[in-house]
2 protein chains.
Amino acid sequence: MSLYSERGVSSQKEEVHAAIKNLDSGLYPYAFCKIFPDYMGKDSGWVNVMHADGAGTKSILAYLYWKETGDISVWKGIAQDAIVMNLDDLLCVGICDDIIFNSTIDRNKLLIPGAVLEQVIEGSREMFETLKKFGINISYLGGETADVGDVVRTIAVNGTMTARWPKSKLITNQKISPGDVIVGLASDGQASYETQYNSGIGSNGLTSARHDMLKKSYADEFPESLDPNLNHKVVYIGPYSLTQEVPGSTIPGLNIGKFLLSPTRTFAPVMKKLLEEHFDNIHGLIHSSGGGQTKCMKYLPGNMKVIKDNLFEPPLIFKLIQQSNGSSSKEMYEVFNMGIRMEIFTNPQHADEIIKVANSFNIEARVIGRVEGSSRKELHIITPKEVITY
Amino acid sequence: MSLYSERGVSSQKEEVHAAIKNLDSGLYPYAFCKIFPDYMGKDSGWVNVMHADGAGTKSILAYLYWKETGDISVWKGIAQDAIVMNLDDLLCVGICDDIIFNSTIDRNKLLIPGAVLEQVIEGSREMFETLKKFGINISYLGGETADVGDVVRTIAVNGTMTARWPKSKLITNQKISPGDVIVGLASDGQASYETQYNSGIGSNGLTSARHDMLKKSYADEFPESLDPNLNHKVVYIGPYSLTQEVPGSTIPGLNIGKFLLSPTRTFAPVMKKLLEEHFDNIHGLIHSSGGGQTKCMKYLPGNMKVIKDNLFEPPLIFKLIQQSNGSSSKEMYEVFNMGIRMEIFTNPQHADEIIKVANSFNIEARVIGRVEGSSRKELHIITPKEVITY
């Protein structure tokens, strides 16, 4: 996506992968997270995982919305984003309990007051309280907040999770094989444990979503919300303001700001139940985060063809983004989750029971595709209108 | 320091402390790091610590130096800074081995290429190799690198360390009491395990040091190195360029850039030996990081008076900074380490053996002060020229 690279982002992160090529990649090459020996407990039956991620540029949207409306509570959603971007990655190796967390917040103190920090930190605490009700215990061990306005324009909210986990309960993706089907869990809607409608946006592709959806006046009014060196042509090229209603939405009163700021849904309550009750039938797990629907390609344990021919119709948010930026569907599926943020690779005969568990949490789910044999790794996304090959 | 607050930084971080007031502060209220029950191993004789910190605005200096000279290797020093800011904090609770680490790097991809990421990541790996030779085992478990140019002007390099540690080997600062002396370890010079002279700057106060030392032309040539909303009067107010020789230095060819970029010294080799051989005599440990020589005040386990009347003469770098910014000594001691970056509280009769261990690594050390009884917490810094009270 040329817009994407002109904005200094890359959905496939080629440079990052080159830079880390000499690092130890862990015990299981196809696992969704790097998995290491049990340095913490020195038990050969256990492993350690340490994972870092954050809210990325979604914090800028929170900043704009807070400045425009005065609603400071949106910062709690950013806390949730930073947490879920870690937690749902850990879920993909089977880790769903006994996690420790700390946060790393870099702020421009001249723009981000202590009251915002309180929302982020209190939002994190509340998120962990909610998860605890579902048996997902995450202990909040503190973190660092640095005042670095010469580095950070507004605020960067990141977090790290550490877990010690039994080897026997790991999902390593090595069981993914031809014959598998893929159950996809919807990123949008309202799960039984969510308090409001979720647009499904997650925390990936937000640089695009923000610039593609919001109108040019944000560049002038909030120059701190973008890199001044970006080509003006790729900056805030959309038709919307944050406070205007979402066209085509059936949710009363939903505005563009809240629509884009929907806190990333965690699938932890669903996945905990699945990992506890259907562990042997789970062949692989993919969190469709950066890289969107192509993410699975990095974790296939051999040559095979992934066919996704029954994806949901993309949720409204992705349609509006595509209308704004004019991207091809091929580009959209590479950047955004397009309606599915968790993929469960399983036997065809177990798909139904997995779907039922998701549905019990009011999350839509269905068999979105399958794995076939091939002499190379390939992905085919087949929509009613086109066939997209990666 | 009015310059300090005008630049959006605060040595005491009052807002941050207010924001985290509801968080669990751990098992030992005066310990240098938050210490928690053993969530990872569920053993009542062990604890968990998870710590986050980073290179702060020192990364901007590396950026300027790299742009001006083409010397990309300075980024390895930033990796060391991010590591040592974590490690030397952990040392202060007694943790000196069996640590796991991951990094969180936020970059502006349009300014920071993959080659810089490689230096940071390779620099981290090399640092861990060096530490291993001294019995300090830190496993590098990966991390996250995000392309977030709309959030980060250049690059933010942060890291997180997790450790599981026996309670019986913790330093909690609860043994600090009147009658103790304070052995200070020098931040400058060249330790036996360092490959070059260290100015002693560490990784704190670097926003001040950069603006106070470098000349105004950096603002025009590298606008990406500062918040454009800062008052022009507090931006790059010094007399120096990065490539000019350090006035008054006896180190041949040392320039201002390398002087300011001296990678933060770790005291891990010294502290490991002390913790192993003199554990019972260590009453408290303070890493004089943010807050400089006043840092110890936050960790006193009761009312007492700390008198520091035998500090080293401040190393050259702090003299030059003070010459540039005209700060009072009171302000300087609140922001910078001023020559001592590790304080060991001990019995008077054990000070000599502690000093000998430090000296064996070619690190200067001496009794810099003592603890006396008082009805409140107070700190007196007494130099040949003045008495400073906090």
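Guide: First, a definition: helices (H or I, at least four residues) and strands (E, at least two) are DSSP runs, numbered from the N terminus. By that numbering, Tyr236(B) is in the loop between helix 7 (217-221) and helix 8 (256-261) of chain B. This is a predicted model, where local features need pLDDT of at least 70, side-chain atom pairs count only at pLDDT 80 or more, and totals for chains, interfaces and linings use all residues. Residues are numbered from 1 along each chain as its sequence is written, chains are lettered from A and ligands numbered from 1 in the order in which they are written, and side-chain values use heavy atoms, with hydrogens and water left out.

Visitor: What makes Tyr236(B) count as buried or exposed?

Guide: Buried means under 20% relative accessible area, exposed over 50%, and partly exposed in between (1.4 Å probe, protein chains only). Tyr236(B) has a relative accessible area of 0%, so it is buried. Its phi is positive, about 40 degrees, although Tyr236(B) is not a glycine.

Visitor: How do you know how the two copies are related?

Guide: Copies are superposed by least squares on the C-alpha atoms of residues with pLDDT of at least 70 in both. A rotation of 180 degrees, with 0.0 Å of shift along its axis, puts chain A on chain B at an RMSD of 0.0 Å. The copies are therefore related as by a two-fold rotation axis. In chain A, the C-alpha nearest that axis belongs to Val152(A), 2.3 Å away. The same surface serves both copies: 100% of the contact residues of chain A recur in chain B. Contact means heavy atoms within 4.5 Å.

Visitor: Why are strand 1 and strand 4 of chain A said to stand at the edges?

Guide: Two strands pair if DSSP finds at least two bridges between them. The open sheet of five strands in chain A has the order 1-2-5-3-4, with mixed pairing. Strand 1 (36-37) and strand 4 (138-147) of chain A each have a single partner strand, so one side of each is left without a neighbour in the sheet.

Visitor: What makes strand 2 and strand 5 of chain A a pair?

Guide: Nine bridges join strand 2 (residues 46-54) and strand 5 (residues 155-166) of chain A, in the antiparallel sense. One of the residues of strand 5 of chain A, Arg164(A), is the bridge partner of Asn48(A). Helix 4 (residues 74-91) of chain A packs on this sheet and touches strand 2, strand 3 (99-107), strand 4 and strand 5 of chain A. Helix 5 (residues 114-132) of chain A also packs there, touching strand 3, strand 4 and strand 5 of chain A.

Visitor: Which chains does the salt bridge of Asp150(A) and Arg210(B) join, and where are its ends?

Guide: The N to O distance between Asp150(A) and Arg210(B) is 2.7 Å. This pair crosses between chains, from the loop between strand 4 and strand 5 of chain A to helix 6 (residues 206-213) of chain B. Both Asp150(A) and Arg210(B) are buried.

Visitor: What makes Glu313(B) count as buried or exposed?

Guide: Its relative accessibility is 58%, so Glu313(B) counts as exposed. Its salt-bridge partner is Lys319(B), with the closest N and O atoms 2.3 Å apart. Lys319(B), at 33% relative accessibility, counts as partly exposed.

Key: Axes are lines fitted to C-alpha atoms, for helices over the stretch in contact, and angles run from 0 to 180 degrees between N-to-C directions. A salt bridge is a side-chain nitrogen of Lys or Arg within 4 Å of a carboxyl oxygen of Asp or Glu.
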